[in-house]
Amino acid sequence: MTEVRELFLLQLGTVREVGVPIPAYLLKVGPDDQYVLVDTGCARRVIGDPESHFVVTEDDHIAGQLQKLGLTTGDVTTVVVSHLDPDHAGANDEFPHAEFIVQRAQREHARSSGLFRYEWYRDQWDDPRLRYREVDGDVELRPGLTLLECGGHVPGHQAVLVELPETGRVLLAGDAWMRGTEAETRPMTPFDVDEAATRRSQRRLADLAEELGVALVVHNHDIEQWATLRRAPQSYT
Ligand SMILES: [Zn+2]
């Protein structure tokens with residue numbers, strides 16, 4: 001029996017050059033109604049900064065998005081880190097009370113590779129106050145809430161598979177699956193660190209989605225799909 005009751009798709013701003021949404025996902029999980037957040041978006045100092053690669057208003061920022069749902073950052077008990085890129089982990093420092101769950105390979109890569117993207121908001125995600133639980137590979141966090149290791153875009157990138165009472169299974173594929181493409185022939189983006197692993201992971205997620213009869217796959221930064229989805233304050237149940 002799944003413990004995931006509700007899924008909210010949040011938009012935390014856009015990527016300036018291309019206008020695509022920066023997504024995050026909020027899960028309401030029972031029986032104790034805990035809130036699990038997948039990714040935190042951009043750092044607070046990006047708000048209104050015309051020089052930033054990201055366009056973020058006060059309302060877009062994760063604190064503003066939670067507020068619109070009648071919540072505060074303090075209501076989030078767990079943060080799942082898809083990966084530590086600046087548009088996904090830039091506001092981690094807003095959740096010093098939460099437990100963060102990250103793939104070990106991703107945290108190690110972010111801390112040691114010197115890749116420029118991680119460094120932008122390193123103070124925000126590598127804040128010594130934050131409690132990270134490192135995991136290796138697929139993990140069932142709660143009944144109906146499973147993390148799937150799918151590195152390639154970056155090592156240790158993880159997707160999130162949730163099961164909802166009415167909608168059924170939803171795969172939050174993160175940056176690991178480019179919609180409308182085949183794994184073996186898809187174009188790479190300049191941000192995909194390891195081509196072979198990126199293809200392998202997309203194949204794995206696609207095969208798994210078919211095998212499990214996933215009802216909805218949500219792809220990050222996909223402006224066309226995003227327009228068709230139920231976004232907060234609406235939700236999937
Ligand atoms: Zn991304």
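## Overall build

Helices (H or I, at least four residues) and strands (E, at least two) are taken here as DSSP runs, numbered from the N terminus. On that basis, the chain has 7 helices and 12 strands. Its radius of gyration, taken over C-alpha atoms, is 16 Å, close to the 18 Å that the globule rule (2.2 Å times the number of residues to the power 0.38) gives for 237 residues, so the chain is as compact as a globular protein of that length. The C-alpha trace spans about 45 × 40 × 35 Å along its principal axes.

A word on the model: it is predicted, with local features needing pLDDT of at least 70 and side-chain atom pairs counting only at pLDDT 80 or more, while totals for chains, interfaces and linings use all residues. Residues are numbered from 1 along each chain as its sequence is written.

A residue is buried if 20 or more other C-beta atoms, placed from the backbone, lie within 10 Å of its own. By that test, 43% of the 237 residues are buried.

Beyond four places in sequence, the contacts of L205 (C-beta atoms within 7 Å) include L148, C150, A159 and W177.

## A look at G13

G13 sits in strand β1, residues 4–15. It counts as buried because it has 24 C-beta neighbours inside 10 Å. Setting aside residues up to four places away in sequence, G13 touches I22, G41, C42, F54, V55, V56 and D60.

Note on methods: A residue is buried if 20 or more other C-beta atoms lie within 10 Å of its own, exposed if 12 or fewer, and partly exposed in between; C-beta atoms are placed from the backbone. Two residues are in contact if their C-beta atoms, placed from the backbone, lie within 7 Å.
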